[in-house]
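Here are my notes for someone opening this one for the first time. Have a look at the model, then read on.

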Amino acid sequence: MNAGLSLSHRRGGALLPLRFAARELRGGLRGFYVFIACIALGVMAIAAVSSLASGLAEGLAREGRVILGGDLAFTLSLREANADERAFLERRGIASLAATMRAMARAQDGRAALVEVKAVDPAYPLYGTVALDPQQPLAQALAYRDGAFGAAVDRTLLVRLDLKPGARITLGAATIDIRAILTSEPDRIASGLGFGPRLLVSEDALRASGLVQPGTIVRWHYRLRLPEQDSTDTAMRAVMAAARAQLPEAGWELRSRANASPALEQNVERFTQYLTLVGLTALLVGGVGVANAVKGHLDGRREVIATFKALGASGRRVFAIYFTQVLVLAGLGAIPGLLVGAALPFVVAWSLGPGLPLPLVPALHPGDPALAFIFGLLTAATFALWPLGHAHDVPVSALFRDEVASERRWPPPPYVAATILLGCTLAVLAVELAYDRRIAAIFVAAAVAVFVLLRLVAGLIMAAARRLPRPRSPLVRLALANIHRPGALTPSVVLSVGLGLAVMVAVISIEGNLRRHFLAALPDSAPSFYFVDIPAADAQAFDAFIRARASRAALERVSRERRARRKFETVSGSALGAAR
Amino acid sequence: MQANVWTRAAQVPYDRDNAGPPATEGRKEQRNMQDTSGSGRAEPAVVLSGVNLSLGRGAARVHILKDLDLHIDRGEAIGLLGPSGSGKSTLLMVMAGLERIDTGSVVVAGEALDALSEDALARFRGRNIGIVFQSFHLIPTMTALENVAVPLELAGLDDAHERAARELAAVGLSGRRQHYPAELSGGEQQRVALARALAPDPRILIADEPTGNLDEGTGAEIIDLLFAGHAQRGTTLVLVTHDPALALRCDRTVRLRSGRIEAVPDGAPAGAKP
């Protein structure tokens with residue numbers, strides 16, 4: 001007697017969705033290429049950004065003392081450290097001086113170029129190495145011999161002044177021999193942007209140049225290398241505290257190896273945030289592609305889904321099969337995406353090599369690609385849930401009779417709830433991991449608003465098409481009907497096109513805003529040239545020189561005064577000339 | 001094992017040396033088994049009472065099944081006849097638990113389907129109902145063997161593929177296990193579909209015009225297999241057909257018109273028992 005399936009010989013069906021999903025994929029990936037590309041690109045963007053940022057952060061952390069030029073740096077502007085301050089530093093470790101200023105380097109043929117002068121003492125560099133071409137000890141390259149001080153320069157200076165290594169230039173009153181090309185300078189990043197090529201000379205050369213006058217803009221960097229046995233972070237903080245306590249009037253800027261380049265760190269973090277948001281946007285736009293691809297796929301599999309159900313699969317089982325398929329496909333997209341993204345720092349470091357002006361330490365940080373992978377899967381799941389919810393409700397009746405699919409506009413409530421939950425998880429993750437949560441929250445809110453707005457627009461278009469009078473042309477009538485019929489593609493088309501346009505407009509707006517930001521920082525009558533540190537005695541002669549060569553140029557003179565704190569005397573009146 | 005018994009019977013059309021009339025004899029055998037069950041009347045396979053069902057919404061809503069009563073004994077084979085739109089397919093779906101009724105009650109294999117949740121209905125269907133469609137509805141990305149194994153795998157059986165292989169052998173398709181539906185002829189596809197429907201040893205086998213897409217000769221082979229399976233396993237068979245001659249092979253004929261069961265004409269091979 002027939003008794004249906006025996007309950008013995010049963011096993012758990014945990015792997016069944018995977019097995020069935022794999023069989024479903026035998027049909028090939030047609031229709032899923034966009035899906036896979038969307039996820040791959042989004043994941044790649046996020047993985048690349050976070051891997052690069054981690055590499056830079058690690059570089060900054062590991063190379064902090066090299067970038068800073070010491071464990072601690074004490075910087076003074078316009079004045080040198082006094083005897084008490086020097087004594088304080090020398091008591092606590094090896095101190096080194098690096099003075100920086102801008103000046104004009106002049107070739108023997110009269111050509112001149114603005115240079116970023118860096119004058120160092122024999123202890124420089126405390127950490128890292130200076131690379132010269134040809135190779136030679138720094139002290140030898142900078143030494144005074146044959147009536148001239150030595151210098152190492154950026155190759156750019158040679159190009160600008162049409163010089164060759166070995167050429168002689170003047171810096172103020174000092175005669176300088178260019179003895180080497182400076183190929184690597186360990187503490188360069190912390191110097192920030194330069195306005196001219198580097199001219200590395202000795203402290204003696206700078207003093208011999210006569211450029212260091214009262215009021216001259218010179219930044220005096222005193223770097224301190226703590227003793228090896230006492231160079232812990234605690235010891236470092238103790239020195240900083242002592243400096244503030246014992247020399248409260250010094251007015252120097254204190255930095256430690258832990259924040260060797262705050263500006264760079266901030267830039268790296270902002271860059272990470274901005275690009276992460278770009279990556280998320282890519283994923284978001286890709287999510288619409290995912291939803292469309294899944295909907296298209298499921299529409300084509302309604303018969304198979306109905307067959308599964310006729311053979312004993314519940315709606316939940318059907319959902320599990322196709323959800324697994326979506327996750328497998330998302331994985332297929334995410335894995336190459338994260339591999340490429342994780343490899344990017346290595347590629348950048350390899351291709352740019354020492355020319356990279358950033359302390360990039362390429363390393364595999366599993367957390368970064370893992371996070372990108374999670375973002376990819378979450379996006380795929382969030383956007384696939386809605387169409388998958390419809391699969392839950394595919395009627396088996398389609399197998400018995402031809403019928404127009406009367407798909408409900410909303411999937412069953414659990415799928416709506418799950419979609420909202422996953423969407424919220426994605427949003428919270430994006431906000432929580434952002435550098436600036438406020439911006440990330442605005443981004444998320446804007447994304448949701450755009451979705452809602454575009455859906456409303458689609459609804460309006462459908463309503464308008466429904467109310468239009470029926471045209472005579474069958475072609476136009478059919479086209480209109482396709483806009484508003486049940487299951488019309490109008491919402492997904494409007495969403496895809498609208499979101500794509502929104503992203504393009506956003507990118508263009510951001511670019512425009514950035515440009516305006518930079519331009520706004522410049523006054524309308526921004527000078528074409530700056531001439532700095534013109535001695536007051538030469539001001540008249542300088543004016544005459546300019547008038548003779550550019551009679552229509554407008555000259556603006558800005559004088560700078562510094563009131564010496566103790567002597568209460570005006571020590572300088574330098575001119576900043578501007579010609580246009 | 002049931003499947004082995006049927007395997008021998010079902011191979012008849014392909015094994016002329018062992019040819020015989022197993023379907024008819026098997027059916028008699030089954031009827032005799034029922035008769036000796038003790039009470040004189042076996043537990044009914046399907047009982048529909050006062051079933052009403054409408055489909056569609058608003059102005060498009062159509063009353064398909066109207067106050068329908070039907071009683072089908074276990075092991076019985078009934079032919080369901082009627083013009084297009086009379087409600088035959090809908091009636092099959094109601095029996096299979098694929099369509100919820102508006103009023104009335106549906107009891108299949110002793111289970112009141114109205115009381116079951118969607119998941120429970122799916123499990124019930126997987127265990128108790130086998131369906132053969134006119135258009136086969138094989139899953140194109142699965143081999144013949146995998147297609148037959150689907151209901152067994154959904155039911156969580158460890159030996160799904162072994163059982164599926166036996167079912168395929170029973171319909172004479174051992175050599176086609178690894179073929180995909182697109183690589184099979186229409187007749188072969190329907191045989192795979194029949195093997196799939198019978199693989200879980202269902203209590204009720206529903207066939208919706210199973211020869212509708214086949215030529216006459218191939219259709220006859222399928223019908224022989226269908227009746228052989230019914231007879232050897234004691235499965236209740238509900239066969240929808242437009243062919244009165246085919247309906248005559250059933251124990252009883254039920255004719256539907258406009259959602260109601262018509263009175264059975266005199267001279268029918270078996271009386272309707274609404």
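This is a predicted model: local features need pLDDT of at least 70, side-chain atom pairs count only at pLDDT 80 or more; totals for chains, interfaces and linings use all residues.

**Notes on the two chains**

1. Residues are numbered from 1 along each chain as its sequence is written, chains are lettered from A and ligands numbered from 1 in the order in which they are written, and side-chain values use heavy atoms, with hydrogens and water left out.

2. Back to the contact (heavy atoms within 4.5 Å): chain B brings 49 residues and chain A brings 38. Five salt bridges are counted between chain B and chain A; the term means a side-chain nitrogen of Lys or Arg within 4 Å of a carboxyl oxygen of Asp or Glu. B:Glu153 and A:Arg19 form a salt bridge through their side chains, at 3.0 Å from N to O.

3. Now chain B by itself. It has nine helices and ten strands, taken as DSSP runs (H or I, at least four residues, for helices; E, at least two, for strands) numbered from the N terminus. Of its 274 residues, 57% are buried, meaning under 20% relative accessible area with a 1.4 Å probe and protein chains only.

4. Look for the sheet in chain B. Six strands make an open, mixed sheet in the order β6-β7-β8-β3-β9-β10, where pairing takes at least two DSSP bridges between two strands. The edges are β6 (129-132) and β10 (260-261) of chain B, each pairing on one side only. Strands β3 (residues 77-81) and β9 (residues 252-257) of chain B run parallel over four bridges, and B:Gly79 sits opposite B:Thr253 in β9(B).

5. Which strands does helix α8 of chain B touch? Helix α8 (residues 216-233) packs on the sheet against β3, β6, β7 and β8 (236-240) of chain B.

6. Chain A, in brief: 17 helices and 14 strands, with 44% of its 580 residues buried.

Terms used. Axes are lines fitted to C-alpha atoms, for helices over the stretch in contact, and angles run from 0 to 180 degrees between N-to-C directions. Buried means under 20% relative accessible area, exposed over 50%, partly exposed in between (1.4 Å probe, protein chains only).
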